[in-house]
Amino acid sequence: MDDDGLLDRVKRGDRQAFSHLYALYQSAIYRYAAHMCGAAAADDVVQDTFVAMLRQPARFDPARGTILSYLLGIARHHVTKRLASGGHESPLDVDGPPGDGGGVVDPIAADDTPLDVLSREQLVAQLRDAIQSLPPAYREAIVLCELQELDYATAAAIMSCPIGTVRSRLHRAKALLTAKLAAIHRAPLVVTRPTR
Amino acid sequence: MKDFQSADHVLADGLRAIADEESGLSASPVVEANVMAAFSDVVRARRRRTRRIVSALGVAAVAVAVAVGVSKVRSRNSGASGLQTSDLTLQTSREVTTAFMPLAYSGVPIADGHVVRMEVPRASLVSFGLLPADIVDTVDGARGGTVIADVIVGDDGLARAVRFVRRAVRKELQR
């Protein structure tokens, strides 16, 4: 069943359809919210998002995107409010100074990096920390485009910005992540592999 | 000999690994229970509202049917006495009306009908969501008063449309 048909059934009070809709999309919203405002608040964001959708189901316009992008748009609104009330992070729609690690990215040249001995788990853990330390606007681009694998147009619709802005934020976010990982090991981020 | 992998690839691999690891994450079961409860609340509230509207429409239909009956009886009995009354006073009225707004039975085909003027409890119109408070004419000005309405009633007794009337009546004694 397509998004529109599913939401039509929800509007008619079909409990099974709503349960199906929740099962389909709650994980994506939870993951987005967990990255943006922490796992503790993610549950609340998921709940607020679906309750908001229930109250105004007619606001979904299939011509403007999928249910997922619609729900993530609602979730973003709640995340923005939480970030604003938290006062420790800049709002999502501001491309402010990138903060620590936001300087020039170390050039990739040397081959004596410690990353070649890093286990996959270590890399993932360090990358997680690096993502969390990104300014919210850049983190959001990484979460939507890389971790949720949404296309630029969908991400732009969710982030309420032009596609070019998504591209530039994503590019900048990747550069910051590279720099942060390199800084951890005090060496440019280069991995060596033996040839077969 | 070493094969160099770019930082972009390392980053892409790391991001993909995180995406894979997180694909199974989900909100707590408590959230699902709360959301499903909210869904039930919304559905119940919607059904209650629908029932209220349907019952209000039923009351309105009965009121209109009674008004039609009264109107027909009066028109039969009026005759000469009506003329006498009009000799005594000249009634000038200026009215401001809204457009006719469709009611629940507006879709039912109509062969003939009447426009019936009636006073409708303001409270019942509020329940329709059709009450523009600044346009309607109230008898006592209070929220619990009445409003004047013209109702189009089909020959089958079903109300098709309604409009609200603001009326300023001036009576002059005719010489």
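Modeller: Two residues are in contact if their C-beta atoms, placed from the backbone, lie within 7 Å. The model discussed here is predicted.

Biologist: Which residues of α4(A) does α2(A) meet?

Modeller: On the side of α2(A), the residues are A:Tyr25, A:Ala28, A:Ile29, A:Tyr32, A:Ala33, A:Met36 and A:Cys37. By class, this contact holds 14 nonpolar, no polar and one charged residues. The partners in α4(A) are A:Ile67, A:Leu68, A:Leu71, A:Leu72, A:Ala75, A:Val79, A:Arg82 and A:Leu83.

Biologist: Are α2(A) and α4(A) roughly parallel or roughly antiparallel to each other?

Modeller: Their axes come within 10 Å and cross at roughly 25 degrees. Angles under 35 degrees count as roughly parallel. Therefore α2(A) and α4(A) are roughly parallel.

Biologist: What is the hand of the crossing of α2(A) and α4(A)?

Modeller: The axes of the two helices cross at roughly 25 degrees. The crossing of α2(A) and α4(A) is right-handed.

Biologist: Is A:Leu72 buried or exposed?

Modeller: A:Leu72 is found in helix α4, residues 67-86 of chain A. Leaving aside neighbours within four places in sequence, A:Leu72 is in contact with A:Ala28, A:Ile29, A:Tyr32 and A:Ile158. A residue with 20 or more other C-beta atoms within 10 Å is buried. A:Leu72 has 28 C-beta neighbours inside 10 Å, so A:Leu72 counts as buried.

Biologist: How far apart in space are A:Leu72 and A:Val46, C-alpha to C-alpha?

Modeller: In sequence, A:Leu72 and A:Val46 are 26 residues apart. In space, C-alpha to C-alpha, the distance between them is 9.5 Å.

Biologist: Which residues of α2(A) meet α1(A)?

Modeller: Helix α1 spans residues 3-11 of chain A and helix α2 spans residues 15-37. From α1(A), the residues are A:Leu6, A:Arg9 and A:Val10. They meet A:Ala17, A:Phe18, A:His20 and A:Leu21 in α2(A).

Biologist: Why are α1(A) and α2(A) oblique to each other?

Modeller: The axes of the two helices come within 7 Å. Over 145 degrees would count as roughly antiparallel, and 65 to 115 as roughly perpendicular. α1(A) and α2(A) are oblique because their axes cross at roughly 130 degrees.

Biologist: Is A:Glu149 buried or exposed?

Modeller: A:Glu149 lies in the loop between α6 (136-147) and α7 (152-159) of chain A. Phi of A:Glu149 is near 55 degrees, a positive value in a residue other than glycine. With 12 other C-beta atoms within 10 Å, A:Glu149 is exposed.

Biologist: What is the phi of A:Ser160?

Modeller: A:Ser160 sits in the loop between α7 and α8 (163-184) of chain A. Although A:Ser160 is not a glycine, its phi is positive, at about 55 degrees.

Note on methods: Residues are numbered from 1 along each chain as its sequence is written. Chains are lettered from A and ligands numbered from 1 in the order in which they are written. This is a predicted model: local features need pLDDT of at least 70, side-chain atom pairs count only at pLDDT 80 or more; totals for chains, interfaces and linings use all residues. Helices (H or I, at least four residues) and strands (E, at least two) are DSSP runs, numbered from the N terminus. Axes are lines fitted to C-alpha atoms, for helices over the stretch in contact, and angles run from 0 to 180 degrees between N-to-C directions. A crossing is left-handed if the near helix is turned anticlockwise from the far one by less than a right angle, and right-handed if clockwise. Ala, Val, Leu, Ile, Met, Phe, Trp, Tyr, Cys and Pro count as nonpolar, Asp, Glu, Lys and Arg as charged, and the others, Gly among them, as polar.
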